[in-house]
Amino acid sequence: MKRLYKSTDDEFMEFHKREIGVSQPRNFTRRISASEVTVKRLDLYGKLNGHEGCVNTIDFNATGDVLVSGSDDRRVILWDWATRKSKLSYSSGHMDNIFQARFMPFTDDRKVVTAAADGQVRLGLLLENGHVETKRLGKHQGRVHNLAVEPGSPYILYSCSEDGFVQHYDLRSNSATKILCCSSFTENNKQSSSSVRLNSIVIDPRNPNYFAVGGSDEYARVYDIRMYQMEASHNTDRPINTFCPHHLIETHDVHITALAYSSSSELLVSYNDELIYLFQKNMGLGPSPLSSQGEDAKKLDEPQVYSGHRNSRTVKGVSFFGPGDEYVMSGSDCGRIFIWKKKGAKLVRLMVGDRHIVNQLAPHPYIPVLATCGIEKTIKLWTPSSKNVTPLPRDAQKIMEANKQGREDHSRATLTPDVIMHVLRMHRRQALAYVERRQTRGDIESDEDDGGEAYVLGFSDGDTEGASECSIS
């Protein structure tokens, strides 16, 4: 109780300082936004309705007044989130589920880049007359889950794909450039022929020359773009640093679903059916992690760990929250949103965000507002409430124990013949549906060549009822 009263007293003191002119408006806003009391009061502000499929991606513009979203319905919607109204909706030109939609900086929100399950990276140009022109920027041979936009640049972005490649785009040119293929590590540090299926790519905000990728193995890799020529055929896979919790090195049964950089270059890594880890710069294993084991690896500090959620059935995001990245947040297979204090990893807010699964969370760039999406067709908005909000439900411990038990049971589970046949049947149905969509969509642009692949269902031991209309990837 003493902690609660102290936090409340601090809140009142901040307001008092603001009223008498001691605290500057900007400092006041930052302190209130970072307050634990504010985070504990986050509650549902409203829902955005407009998509006809699962919403897979959400992103605020630079000023925070517009939200962009992309969905399984292959449409992009721009929202005035404060009034909960759609400003613009357009067909992206993608032939499969949109996984990422981002505003390009300093373009007056008139350029939106998207990536999807069809392997394409596309650009939407929002014209003055309200029309939208779309074109393809590049193509991967696998699904593209993530884009990284260079901070402050209206031209430069990167994509990563399940084909293992990282591609570079400059909107001033008309072509994409493959800069590297991410490959598995080998004992003798030689180039492996096995590529890593990539799920996430992020750029260090303090040094945009550095970017990190994560995918189908246990290592988050950091690269320096200055070490690469703009043609992958002449490049080797040469990370400058790698990050992995010591106990996961060479486990081969985990993979990374999401990464996030803080404003101070801390690297947040979320693992499938494992936990979330926060790495400082000095916690890296170096460019060759298999040769960094032993006493040298043991000398490294352990990363901060965030637990309680479950990340098994989908490719979930992870994010910081607060003006100084004071909090870490993630969705969960249990349909809840978890928010921890970054320092110390104390869980401060746990709330229901979806009837099935919460996949993505987008923090507002300036104020304590949060947007989330999952298996449902709506986007949920969260703001501090004046109502009496219970930060942690009474059954919080039970929820976290159930998630932990699910992870442990899944790690021991084996695929029975019945399960294998179920997955194969789902794969065949999805492949047939994909072909049928291709045949019925006669308005596709000519640059959309074949090469998309059918979804492989992410099968879990949990109940998938109600989620059949959405692709769980």
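The model is predicted, so local features need pLDDT of at least 70, side-chain atom pairs count only at pLDDT 80 or more, and totals for chains, interfaces and linings use all residues. Residues are numbered from 1 along each chain as its sequence is written, and side-chain values use heavy atoms, with hydrogens and water left out.

Let's begin with the whole chain. The chain holds six helices and 28 strands; helices (H or I, at least four residues) and strands (E, at least two) are DSSP runs, numbered from the N terminus. Of the 473 residues, 53% are buried. Here buried means under 20% relative accessible area, exposed means over 50%, and partly exposed lies in between, using a 1.4 Å probe and protein chains only. The accessible surface of the chain is about 21,900 Å², and carbon and sulfur atoms own 49% of that surface; such areas come from the Shrake-Rupley method with a 1.4 Å probe, and for residues only the protein chains shown count as cover. Among contacts in the chain with a separation of 6 or more, 55% are between residues 24 or more positions apart. A contact means heavy atoms within 4.5 Å.

Now look at how strands come together. Strands of a sheet pair through backbone hydrogen bonds, either parallel or antiparallel. In this text, two strands pair if DSSP finds at least two bridges between them. Seven bridges link strand 8 (residues 120-126) with strand 9, and Arg 122 stands opposite Arg 136 of strand 9.

Further along the chain, follow strand 11. Which residues of strand 11 point one way, and which the other way? Ile 156, Tyr 158 and Cys 160 point one way, Leu 157 and Ser 159 point the other way, and all are buried. In a regular strand the side chains alternate between the two faces of the sheet. Strand 11 (residues 156-160) has antiparallel links to strand 10 (residues 146-149) through four bridges and to strand 12 (residues 165-170) through five bridges. Ser 159 is the bridge partner of Leu 147, and the bridge partner of Ser 159 in strand 12 is Gln 167. The hairpin of strand 10 and strand 11 has six residues between the strands, and Gly 152 there takes a positive phi near 80°. In the hairpin of strand 11 and strand 12, with four residues between the strands, Gly 164 has a positive phi near 90°.

A second open sheet of four strands has the order 18-19-20-21, again with antiparallel pairing. Strand 18 and strand 21 (304-306) each have a single partner strand, so one side of each is left without a neighbour in the sheet. Within this sheet, Ser 270 stands opposite Ile 276 in strand 20.

What about the core? Nonpolar side chains tend to be buried together in soluble globular proteins. The largest nonpolar core has 23 residues, and those with the most contacts inside it are Leu 259, Leu 267, Val 269 and Tyr 271. Such a core is a set of buried Ala, Val, Leu, Ile, Met, Phe, Trp, Tyr and Cys residues joined through side-chain atoms within 4.5 Å. Strand 16 (220-224), strand 18 (256-261), strand 19 (267-271) and strand 20 (276-279) each give two or more residues to this core.

Finally, visit a few single residues. Ser 330 sits in strand 23 (residues 327-330) and counts as buried because its relative accessibility is 0%. The C-alpha atoms of Ser 330 and His 309 are 7.7 Å apart, although 21 residues separate them along the chain. Glu 250, in the loop between strand 17 (241-243) and strand 18, has a positive phi of about 60° although it is not a glycine. Asp 325, in the loop between strand 22 (318-321) and strand 23, has a positive phi of about 55° and is not a glycine either. Glu 250 is partly exposed at 31% relative accessible area, whereas Asp 325 is buried at 13%.
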